[in-house]
Amino acid sequence: MKKISKLAGTIILCAGVMFSFAACANSNGDVSNTTVKNAAETKINKSTGTGKKVYLAGPMFNQGEKDFNLKFTKLLEDCGYQVFLPQRDGIEAAQLQGKSEEELIKMIFALDAGEVKKADVVFMNLDGRVPDEGACVELGIAYGFGKRCYGFKTDTRAIELGLELNPMISGCMIKIFKNYDGDKLIEEVKQYLSQNNL
């Protein structure tokens, strides 16, 4: 368990460094939200692919989280997107009996990071007092590869004083959907998708 905690800390640190480099990309040191979004838009124009492959990042550690992820995935799939949902399509550590800790880490990281790289779009569940650590790393990988990134939030909790989300997370996003009623949020995203492509 100690190794996993140490590796998770290292991965989060690396993601933070990657976010920092992206934010500091312009020469005058301006790291305003506009600058970060412009940097994201520049990278997005270079992205290739069908435009229809979505990686859904977020927490999947209790039944409520898993149920909402499935509901959101169904919405995207009904709108013609191919969704990779780690809880459904990936590997859950609890299901990998007999593997060593090192094997688990390598298998899960390789699969999920590889699927992020294959995706055209990353959609991130931002719920929680802070967003899920693994999802933050997936967002960092996606942003670094010029993927289009979106988020959604139904949770009223936030850690940042005066800010609902850390700017290093929200700065990666093209759009964040917020509604504290999960069903209404699903309807808002459905309406958006009826008029826009991700």
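Buried, in what follows, means under 20% relative accessible area, with exposed over 50% and partly exposed in between, using a 1.4 Å probe and protein chains only. By that cut-off, buried residues make up 40% of the 198 residues in the chain.

This is a predicted model, where local features need pLDDT of at least 70, side-chain atom pairs count only at pLDDT 80 or more, and totals for chains, interfaces and linings use all residues. Residues are numbered from 1 along each chain as its sequence is written, and side-chain values use heavy atoms, with hydrogens and water left out.

The chain as a whole, then. It has eight helices and five strands, taken as DSSP runs numbered from the N terminus: H or I of at least four residues for helices, E of at least two for strands. Their order from the N terminus is α-α-β-α-β-α-α-β-α-β-α-β-α. With contact meaning heavy atoms within 4.5 Å, 76% of the contacts between residues at least 6 apart in sequence join residues at least 24 apart.

Now helix α6, residues 133–144. The expected span is 1.5 Å times one less than the number of residues.

How many of its 12 residues are buried? Nine, so α6 is mostly covered. They are Ala135, Cys136, Val137, Glu138, Leu139, Gly140, Ile141, Ala142 and Tyr143.

As for the ends, Asp132 caps the N-terminal one, with a side-chain oxygen 3.2 Å from the backbone nitrogen of Gly134. Just after α6, Gly146 takes a positive phi of about 75 degrees.

Notes
A polar contact is a pair of N or O atoms within 3.5 Å; within protein, one must be able to donate a hydrogen and the other to accept it, and residues adjacent in sequence count only if both atoms are side-chain atoms.
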